[in-house]
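Hi,

Here is the structure I promised to send over. Have a look at it first, and then read on for what turned up.

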Amino acid sequence: SFASAPKACGIVSRGSGDSPEDRSDFRGKRRQGVPKSSAPVRFLDAARNVVATTLTGLAGPHNVQIGHDGHTVYATSSANMVVAIDTKTYQVAAAAATGPSPAHVIEAPNKKIYVTNSGDGTVSVYQGADLQQIGRIDVGGTPHGLRSAADGSVIVIADPVKGTVELIDPGTDQVTGSIAVGSGPAQVAVS
């Protein structure tokens, strides 16, 4: 076991052959079996090196990120939605519509949640873990991976089709720049 490991973390699994251990669907109902259009999100107890629980019923989960409070995990879904999962109960606490083909999700230091929508070139913006949508930012292209600077000064978004990274000011939720970086950037890191 890892001494400094987090209590729990979420991972998206695309595998099959899951056992029916402690499962909940994304609405909080117990389930046996996984719908064909979904994949499980497994929560790991890294202190004990075990799968704590498996959440099923979320259509096509793609990206999971832990929130700043350490008790909320955000996940995108191919059903054009984002969900907030409470890591204490392993239940979906909130869900909200996104644009088409949501790719990645982050919680910025300003407590806003940002979701890239690859299908229409936008970024959906939500306030807080209850996912109240407060806006949508048109960045064009096919936004994918995104990260916030630790100090919250900028959000950087990779666009693998345009070969650019887009810059957003999280204070105004406006695009402040676009930088050509070459073909295929899928994810970014910001210092």
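R147 counts as partly exposed, because its relative accessibility is 25% and buried would need a value under 20%. Do keep in mind that this is a predicted model. You'll find R147 in strand 13, which covers residues 146-148. Leaving out residues up to four places away in sequence, R147 touches Q65, I106, V154, I155, V156, Q187, V188, A189 and V190. S191 is 44 residues from R147 in sequence, and the C-alpha to C-alpha distance between R147 and S191 is 9.7 Å.

Next, the aromatic rings. A search of the whole structure turned up 1 aromatic pair. The partners are F43 and Y90, with 5.1 Å centre to centre and 50° between the planes, so the pair goes down as tilted. F43 sits in strand 3 (residues 41-45), while Y90 is in the loop between strand 7 (81-86) and strand 8 (91-97).

As for the chain as a whole, it has 16 strands and 0 helices. Of its 191 residues, 47% are buried. Taking contacts between residues at least 6 apart in sequence, 41% join residues at least 24 apart. The accessible surface comes to about 8800 Å², and carbon and sulfur atoms account for 53% of that.

Cheers

Notes: Residues are numbered from 1 along each chain as its sequence is written. This is a predicted model: local features need pLDDT of at least 70, side-chain atom pairs count only at pLDDT 80 or more; totals for chains, interfaces and linings use all residues. Side-chain values use heavy atoms; hydrogens and water are left out. Rings of Phe, Tyr and Trp (its six-membered ring) pair if their centres lie within 6.5 Å; planes under 30 degrees apart count as stacked, over 60 as edge-to-face and the rest as tilted. Helices (H or I, at least four residues) and strands (E, at least two) are DSSP runs, numbered from the N terminus. Buried means under 20% relative accessible area, exposed over 50%, partly exposed in between (1.4 Å probe, protein chains only). Contact means heavy atoms within 4.5 Å. Accessible areas come from the Shrake-Rupley method with a 1.4 Å probe; for residues, only the protein chains shown count as cover.
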